[in-house]
Amino acid sequence: MKQVGAPRVLVVMGVSGSGKSTLAQLLARRMGWPIVEGDELHPETNIAKMSAGTPLTDEDRAPWLEKIAEVARLWLSSGGYGIVTCSSLKRHYREIISGGNPEVGFVYLKGRKEDIAPRLGQRTGHFMPSTMLDSQFDALEEPDDGEVLLELDVTASRSRLVDAAYEALRDLAPQGHPLARG
């Protein structure tokens, strides 16, 4: 996917525990964009499987990815902007979500298992057990430069991550985009 200007839909991606929700919430607040938590779009059957420690198959993920793609299409068709979180572990998933539209950009929160595992151990109130981190890394097809707008290191501070993402988006913003420098 070739990025032309700043995206109108931003997908914050990475394995479970990489900080997608936190970064997306902070960016949404800073940019004034709506946010959709991708995990909330999972069918109940997916949540039950993951809660039981069973990794999802591509077939399980298909309706979930379509819902995320629908959110992106709705924002785009209405002339709006938005941020959605989604692990987007495989290239095929990213293609489904973007529909090939360059106005959908991905921010990849990259980290090593050793960096992310402790976060999952401290997380409460999430349906995915920390024991499933291995399956997330097994499924991960790291995006290449042509797929992502920005790759960020999960070990950086939250403020540094937000600043880096925000500045990268502003640098891409054409005149008339809400992030364009005045």
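Let's start with Ser88, which is buried, with a relative accessible area of 0%. In this predicted model, Ser88 sits in the loop between β3 (82–85) and α4 (91–98). Its backbone deserves a look too: the phi of Ser88 is near 50 degrees, a positive value in a residue other than glycine. Most residues other than glycine have a negative phi.

Now move to helix α1, which runs over residues 20–31. Its 12 residues reach 16 Å from the first C-alpha to the last, close to the 16 Å expected at 1.5 Å a residue. Just after α1 comes Gly32, with a positive phi of about 75 degrees.

Helix α7 has 15 residues and spans 22 Å from its first C-alpha to its last, close to the 21 Å expected at 1.5 Å a residue. Here the buried residues are Leu161, Val162, Ala165, Tyr166, Ala168 and Leu169. Because their arc around the axis is only 160 degrees, these residues are on the same side of α7. On the other side of α7 you will find Arg160 and Asp171, which are exposed. The buried residues of α7 pack against α1, as well as β1, β4 and β5.

Notes: Residues are numbered from 1 along each chain as its sequence is written. This is a predicted model: local features need pLDDT of at least 70, side-chain atom pairs count only at pLDDT 80 or more; totals for chains, interfaces and linings use all residues. Side-chain values use heavy atoms; hydrogens and water are left out. Helices (H or I, at least four residues) and strands (E, at least two) are DSSP runs, numbered from the N terminus. Buried means under 20% relative accessible area, exposed over 50%, partly exposed in between (1.4 Å probe, protein chains only). The expected span of a helix is 1.5 Å times one less than its number of residues. The arc is that of the directions from the helix axis to the C-beta atoms. Contact means heavy atoms within 4.5 Å.
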